[in-house]
Amino acid sequence: MALLIHMLACAFGLGSWVAVNGLWVELPLIVNTLPEGWELPSYLTVIIQLANLGPLLVTLMHKLCPGRLKEHVVIYAILSIGVLSCILLAFFWDKTTMVAGASHSTAFFIITFFLSLVDCTSSVTFLPFMMQLPAKYITTYFIGEGLSGFIPGVVALAQGVGIAKCVNSSETAGNHTDGNTWSLHTEYLPPNFSTEVFFFFLAAMMCISLAAFVALNRLPRRYELSTENLVPDSEASVSGLDNPGAEIDEDGVKCHRKGAAQSKPLQTGPKHSVYQLTFIYFLVVWVNSATNGLLPSVQTYSCMPYGNLAYHLSAALASVANPVACTIAMFFQNRSLVFLGVLTALGTGFASYNMAMAAMSPCPLLQGSAVGVMIIVLSWLLFTGTLSYVKVMVGVILRDRSHSALVWCGAAAQMGSLVGSVTMFPLVNVYRLFTSGDICNTKCPL
């Protein structure tokens, strides 16, 4: 029975962020079809922030009507919505409508909002439910949550999205045989399996999570409750019901909770000076702003000039790097503020390179060379990995300090994510500071 519960807990965790992670790794194929093109990621970052309405409503219900909201009902609802949304996405992801005289991916955006609502709300419902089980199953749940980013990344790599080639084509001018004009155009080779199949795969993952939850919810009573207290009763609000801010950040949340779950129970931690606390909260704001708003909004401009393969590898490997970095932080913890500051500076350096290449689009450094592709992919990989580690460690430091410190950590993380997304959206879509291009027709100076 213990092995079965471990398997169910892991499968349940798969449904936490698999939909949003799947969307990000599939973008290299989607941006070539939808009318928003390279601007699409900047829309997604804002939609994901708007979806935090879900955790806010759950928290308000717990505050205003204690005991009235049934967590298992909410989980049934959001997982069912997740399954339905993934299925609808497979059929309608490329359908467009005319809005203000321009074609827009209305169906894609609406369905993406509901998928984001599912994943964000899981942050304040899944873990409290898991706390009804013995503490040993919480770690297994976190493994499943990490796989929700790892598996879509691996499947996207197998899909082989975004391979393109330049093809010469001719057009005949009038009836003259000598009036042919030749031009290059980009032709995208089909992937190993289509976008529709990938979305059905995400739906299957959500179904597995829903089935696992049904099984966990129907466990015999003797397995249902734990004789171990994962969190002391006086501090039970850490579960997330009274602390949504610490858990509703898209990527930082997963790492933050994993690191927090591995640390000691809440206690008065080492004293930090005002300057040290200011530095810690600055790290929280900056790291979440960079990883959840600033850089994802311009990843297309940073990678696409090097080709769809570069964008594909950057998106998929970064999705894999996040849970790997979180796992490393669980076993190799370094709480030195100097070390975390250096690591943040290093991650910021990679972020600066990525942003600089986006600003230089469509003619970044080393365009058209294998070295340029390798550097941009590694830069995105290391940017994600280093700052993911920092997210974990600042969460651990503040959790060991006090409950209120953890609450403010969540608020700072959410503020950083929101500021990053809202800042980049007008820069990309209104002021057009970043320029898209065609890898076959863009003429760049040597």
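A residue is called buried here when its relative accessible area is under 20%, exposed when over 50%, and partly exposed in between (1.4 Å probe, protein chains only). The model is a predicted one, with local features needing pLDDT of at least 70 and side-chain atom pairs pLDDT 80 or more, while totals for chains, interfaces and linings use all residues. Numbering starts from 1 along each chain as its sequence is written, and side-chain values use heavy atoms, leaving out hydrogens and water.

Overall, the protein holds 17 helices and 4 strands; helices (H or I, at least four residues) and strands (E, at least two) are DSSP runs, numbered from the N terminus. Of its 446 residues, 53% count as buried. Contact is taken as heavy atoms within 4.5 Å. Among contacts between residues at least 6 apart in sequence, 85% join residues at least 24 apart.

Back to α16, which covers residues 370–401: its first and last C-alpha atoms are 47 Å apart, close to the 46 Å expected at 1.5 Å a residue. The expected span is 1.5 Å times one less than the number of residues in the helix.

Axes are lines fitted to C-alpha atoms, for helices over the stretch in contact, and angles run from 0 to 180 degrees between N-to-C directions. On the α5 side the contact includes H72, I75, Y76 and L79, and on the α9 side E196, F199, F200 and L202 are among the residues involved. The contact residues divide into 18 nonpolar, 5 polar and 1 charged. Ala, Val, Leu, Ile, Met, Phe, Trp, Tyr, Cys and Pro count as nonpolar, Asp, Glu, Lys and Arg as charged, and the others, Gly among them, as polar.

Helix α2 has a pairing of its own, with α14 (residues 308–331), again at about 165° but with axes 7 Å apart. These two are therefore roughly antiparallel to each other, and α2 passes α14 in a left-handed crossing. N21, W24, V25, L27 and P28 of α2 meet N308, Y311, H312, A315, A316 and S319 of α14. That contact has 7 nonpolar, 4 polar and no charged residues.

S361 and P362 are joined by a cis peptide bond, with omega about 10°, and P362 sits in the loop between α15 (337–359) and α16. L366, found in the loop between α15 and α16, has a positive phi near 60° despite not being glycine. At 42% relative accessibility, L366 counts as partly exposed. R432 also has a positive phi, about 55°, and lies in the segment after α17 (403–429); at 47% relative accessibility, R432 is partly exposed.

Notes:
Angles under 35 degrees count as roughly parallel, over 145 as roughly antiparallel, 65 to 115 as roughly perpendicular and the rest as oblique. A crossing is left-handed if the near helix is turned anticlockwise from the far one by less than a right angle, and right-handed if clockwise.
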